[in-house]
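Subject: Structure handover

Hello,

Here is the structure I said I would pass on. Please open it alongside this note.

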Amino acid sequence: MAVYKVSFLAHLLVLGMYLLVSTVEHANACTKECGNLGYGICPGSEGSPENPICTNCCSGYKGCNYYNANGTFICEGTSDPKNPNICPSYCDPQIAYSKCPRSEGKTIIYPTGCTTCCTGYKGCYYFGQDGEFVCEGESIEPKGCTKECDPRVAYMTCPSSGLAKLNQVCVNCCSAGEGCKLYDNDGSLLCTGEPQSISTA
């Protein structure tokens, strides 16, 4: 009986590894051919109390929450990017900014350049030259990180440096390399670097 249990667990382990490898291979399986998309819509957080956006609850995107300048929730958007609502084009004076699952980048992508459904970002919706919905992006979008130095960071350790303390580094939690750990003067862990980061000015 014990042999069957071990064999079953071994099969599960192999299956799990196969699925993991398949996922990684799919992420790198995009061809270098250019697509022929017309434009993309990537709902993202916009505006601020000081720089309000012009929108309303009807034309706001599904999945995005809209707030006034004091941070009071006004509504959730009701417009599906794949099939947008027909809404009156007016600015709701109550709405100052939005918070969406995708927090960075442009909302309207035009032109799309060489983007394809495979290389397009998850959470972005792509349309053809005729304006018809084509697909949702399949690739994970890299984070855009600033080059600002976080003054709280006293030192960091990284797998690539053999976990030696790296002092006097100009880094922040976003720009830290994958697996790097940032610490303050008390030796308390501030954060750990995540994969898929790109630096911006």
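Below is what was found in it, taken topic by topic.

This is a predicted model, in which local features need pLDDT of at least 70, side-chain atom pairs count only at pLDDT 80 or more, and totals for chains, interfaces and linings use all residues. Residues are numbered from 1 along each chain as its sequence is written, and side-chain values use heavy atoms, with hydrogens and water left out.

Nonpolar cores. The largest nonpolar core has ten residues: I41, I53, Y61, C64, Y66, C75, I95, C100, Y125 and F127. A core here is a set of buried Ala, Val, Leu, Ile, Met, Phe, Trp, Tyr and Cys residues joined through side-chain atoms within 4.5 Å. Buried means under 20% relative accessible area, exposed over 50%, and partly exposed in between (1.4 Å probe, protein chains only).

F127 belongs to strand β6 and is buried, at 2% relative accessible area. Strands (E, at least two residues) and helices (H or I, at least four) are DSSP runs numbered from the N terminus. Beyond four places in sequence, F127 is in contact (heavy atoms within 4.5 Å) with L37, G38, Y39, I41, P81, K82, E132, F133 and V134. T112 sits in the loop between β5 (108-109) and β6 (125-127), and is buried too, at 7%. With residues up to four places away left out, T112 touches L37, G38, Y39 and G40. Its side chain also reaches the backbone oxygen of L37 at 3.1 Å.

Salt bridge. The count comes to one salt bridge, defined as a side-chain nitrogen of Lys or Arg within 4 Å of a carboxyl oxygen of Asp or Glu. R152 forms it with D150, and the closest N and O atoms are 2.8 Å apart. R152 is partly exposed, at 48%, whereas D150 is buried, at 13%.

Sheet. Four strands form an open sheet in the order β10-β9-β11-β12, with antiparallel pairing; two strands pair if DSSP finds at least two bridges between them. β10 (166-167) and β12 (189-192) are at the edges with a single partner strand each, so one side of each has no neighbour in the sheet. β9 (residues 155-157) and β11 (residues 181-183) pair over three bridges, and T157 stands opposite K181 in β11.

Regards

Definitions and conventions
A polar contact is a pair of N or O atoms within 3.5 Å; within protein, one must be able to donate a hydrogen and the other to accept it, and residues adjacent in sequence count only if both atoms are side-chain atoms.
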